Each structure stands twice: as structure tokens, then as C-alpha cells.
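Subject: Structure handover

Hello,

I am passing this structure on to you. The sequence and coordinates come first, and my notes on what was found follow.

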Amino acid sequence: MLYIVANFKSHKTGDEARAWLEEIKNLDKTENKTIIICPSYTLLPVFKEFIDKYNLPIKLGAQNVSQFDEGPFTGEENAKQVKEFAEFVLIGHSERRANFNEDENILRQKCDMAIKYDITPIFLVQSESDSIPEGVSVVAYEPLFAIGSGHPDTPENADLVASSLKTQDKYEIIYGGSVTAENVKSFTSKENINGVLVGGASLNAQEFIKIVQNA
Ligand code: PGA
């Protein structure tokens with residue numbers, strides 16, 4: 001099973017998301033590929049409604065989850081709320097570690113919350129030496145230099161890192177960082193890589209369809 005994960009980051013309004021979905025709606029059923037779209041919280045209901053209506057082979061992921069359970073935490077979305085829409089959640093993205101001071105302790109709490117409410121964390125690391133919280137089963141390797149740069153890691157090195165992560169536990173390993181329709185197969189064809197996490201290239205529906213087809 002291959003994971004094709006789209007990380008929209010802080011992009012798209014409701015109308016823009018609906019236009020993207022209209023283009024993606026005729027995507028052929030994909031055997032052995034799990035497509036997971038991670039849009040902003042505001043778009044999760046838009047996506048859910050559309051996916052249900054057209055019975056699309058797409059699962060939803062959130063880009064974040066609170067480390068707190070429900071309660072007096074203004075501005076936070078807790079895992080019980082997220083679970084209404086999403087089966088997955090990205091935790092540990094380098095942009096959150098860097099811009100929102102999410103340290104190992106917070107990331108572990110977030111994973112615990114996700115797992116408590118039966119959401120699968122997709123835990124992001126920048127190298128094989130980053131610590132991975134207990135209970136995580138899906139890990140995304142995203143080297144900092146490759147994110148949004150147009151300079152992906154080599155498939156050979158990504159495979160090496162994936163294999164070393166797999167010796168730590170029975171993780172599924174996804175590669176992320178400048179994945180495109182042109183290079184996706186070079187990663188997904190590697191023995192230890194179980195999918196890709198796509199940022200910038202996922203925002204364009206036609207490009208994303210090609211990524212799914214080529215993976
Ligand atoms: P990119 O982003 O595909 O634009 O490099 C990947 C990510 O940060 O998840």
C-alpha cells in the first residue's frame with residue numbers, strides 16, 4: 001500500500017478548495033494507493049462534504065491537533081473535534097517545530113491525543129536521529145533542505161534513511177520534500193519507502209492527479 005499525502009499548508013479558501021475538488025473528482029479508483037489530503041481546519045468540512053457526496057477514494061488528514069483535550073483552550077482544535085473529519089494528522093512538521101516552538105514534549109502529547117481519539121499520526125522527522133513518540137506507526141522523512149526548495153533528497157539517500165528508521169520499529173515510511181509528478185516514482189519505487197508527502201505540487205489539481213498516477 002502506497003500513501004500519497006497532500007499537505008496544503010496555509011493555502012486555499014473554500015471556493016478554491018471546491019475548484020480543486022471539481023478537478024480531482026474524476027480521478028480513477030486507485031488500487032493499492034491511499035490518498036490523504038491535509039487541508040486547513042477551515043476546509044475540512046468542505047472536503048468531507050464533497051468526498052461523501054461523490055464517494056471519492058480520498059481520506060482526510062488534519063495539519064495539526066491540540067496537545068490538550070477538550071476544555072478552556074481558546075483557539076485550539078482538540079483531537080475529539082478533529083476526529084469528526086480526519087482519520088490522520090500531521091505532527092512534527094519542521095514548520096511547526098520552527099515557527100510554533102513545538103518541542104519533543106509537545107509533539108509527544110499531540111501524538112498521545114491523536115491516538116486516544118483513534119486518529120493516525122503521520123509523524124515528521126528531519127533525520128533518522130529525531131525521536132519518535134511511542135504509538136506512532138507512520139513516519140514521514142522530510143529533510144529541511146528539500147522542503148519547498150525544488151531540490152529533493154536523492155531517492156537513494158531517502159531509501160537509506162527509511163531503512164534505518166525501519167530498524168527502530170515497524171514504521172511505514174513516507175518521503176517528503178519537493179516531490180513532483182516527474183520524480184515521484186523514483187521515491188515510491190524504493191524498497192523502504194511506502195509513499196510520499198507532497199506540499200507545493202499538491203495545490204495544483206492536475207499536477208496532483210499526475211503524482212497519484214505516476215506514483
Ligand atoms: P514541498 O513540501 O513538497 O513543497 O517541498 C513538503 C512539505 O513540507 O510537507
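To begin with a pair of side chains: Arg 18 and Asp 15 form a salt bridge, with 3.4 Å from N to O. Please keep in mind that the model is predicted. Both residues belong to helix α1, which covers residues 14-24, and because they are 3 residues apart there, about one helical turn separates them. In general, side chains of opposite charge can pair when their charged atoms come close. The count of salt bridges comes to 10.

Next, the ligand. The space it takes is the second largest pocket. Around the ligand there are 13 residues, and those that come nearest are Lys 9, His 93, Glu 142, Gly 148 and Ser 178. Sorted by class, this shell has 7 polar, 4 nonpolar and 2 charged residues.

- Ser 178 places a polar backbone atom 2.8 Å from an oxygen atom of the ligand.
- Gly 199 also has a polar backbone atom 2.8 Å from an oxygen atom of the ligand.
- Asn 7 uses its side chain instead, with a polar atom 3.3 Å from an oxygen atom of the ligand.

Taken alone, the ligand exposes 280 Å², and the protein buries 95% of that.

Finally, some notes on the backbone. Most residues other than glycine have a negative phi. Which values do Lys 9 and Asn 55 have? For Lys 9, phi is positive, near 50°. This residue, one of those that come nearest to the ligand, is in the loop between β1 (2-7) and α1. For Asn 55, phi is likewise positive and near 50°. Asn 55 is in the loop that runs between α2 (44-54) and β3 (58-62).

That is what I have for now.

Regards

Definitions and conventions
Residues numbered from 1 in each chain as written. Predicted model: local features only at pLDDT ≥ 70, side-chain atom pairs only at ≥ 80, totals over all residues. Heavy atoms only, no water. Near = heavy atom within 4 Å. Polar contact = N/O pair within 3.5 Å; in protein donor to acceptor, adjacent residues only side chain to side chain. Areas by Shrake-Rupley, 256 points an atom, 1.4 Å probe, with all protein chains shown as cover. 1 Å grid on protein atoms, 1.4 Å probe; cavity = no way out; pocket = protein on both sides within 12 Å on 5 of 7 lines; lining within 4 Å. Sits in = over half its atoms within 2 Å of the grid points. Nonpolar A, V, L, I, M, F, W, Y, C, P; charged D, E, K, R; others polar. Salt bridge = Lys/Arg side-chain N within 4 Å of Asp/Glu carboxyl O. Helix = DSSP H or I, 4+ residues; strand = E, 2+ residues; numbered from the N terminus.
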